[in-house]
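This report covers an annotated site and the nonpolar cores. Please have the model open.

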Amino acid sequence: MRSAPNIIITGTPGVGKTTHSEILAERTGLRHLSVNQVVKDKECHEGWSDEYQSWIVDEDKLLDVIEDDVKAGGCIIDWHACDLFPRSWIDLVVVLRVDSKTLYDRLEARNYAESKLQENLDSEIMEVLLQEAREAFDEEIVVELTSNDSEEMESNIDRIESWIKQWKTDHAD
Ligand code: ADP
């Protein structure tokens, strides 16, 4: 039994996962678990892929490394994939979405190569991560939220914060 919920914040790179997770962690006391950081720090990978410009993640090792923390509850898991996490670990899956133009500008600002930028734009338009979340978890726990501007982000954070409070009340015993 967890005393605080575990939440996945997922979506295409650039949608605002890290920004949302950091603010939420600050406001709620839950812990921001940046999977990118864990993969790097704990070497849960089989090297760097030049083609994808990312680590080739060793998912079994990653799950082993985070298992105790996540089972204790209160984690905000920030990553672009979600279907590797056991369903029993997760209470809410937030899929952040943005318009193509906004995503283009954010990824361009990060100096993404054109091919990688297009790949991510296609993935966002095709709702790849939303579908992945809906296939991996019960639909009732998957929430799609837009994150085009700071007003939307503020409203998303308020909404998730209220959800966390309600979860704690419901699980108080
Ligand atoms: P991710 O973790 O999904 O890759 P980030 O949180 O790093 O995305 O956000 C990417 C960029 O977009 C950052 O510069 C961040 O400040 C900006 N950003 C994220 N969400 C919003 C938002 N809702 N409104 C305005 N800017 C945002």
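## Annotated site

An unreviewed UniProt entry marks Gly14, Gly16, Lys17, Thr18, Thr19 and Arg110 as "binding site". UniProt positions follow the numbering used here, feature names are shortened, and annotations may be inferred rather than shown by experiment. From this set, Gly14, Gly16, Lys17, Thr18, Thr19 and Arg110 belong to the lining of the largest pocket. A pocket is an open set of points on a 1 Å grid over the protein atoms alone, where a 1.4 Å probe fits, with protein on both sides within 12 Å along at least five of seven lines; lining residues have an atom within 4 Å of a point.

This is a predicted model: local features need pLDDT of at least 70, side-chain atom pairs need 80 or more, and totals for chains, interfaces and linings use all residues. Residues are numbered from 1 along each chain as its sequence is written, and side-chain values use heavy atoms, without hydrogens and water.

Gly14 sits in the loop between strand S1 (7-10) and helix H1 (17-28). Helices (H or I, at least four residues) and strands (E, at least two) are DSSP runs, numbered from the N terminus. Gly14 is buried, because its relative accessibility is 11%. Buried means under 20% relative accessible area, exposed over 50%, partly exposed in between (1.4 Å probe, protein chains only).

Arg110 lies in the loop between helix H4 (100-109) and helix H5 (114-125). At 48%, Arg110 is partly exposed.

## Nonpolar core

The largest nonpolar core has 26 residues, with Leu62 and Phe85 making the most contacts inside it. Such a core joins buried Ala, Val, Leu, Ile, Met, Phe, Trp, Tyr and Cys residues through side-chain atoms within 4.5 Å. H3 gives this core its largest share, four residues.
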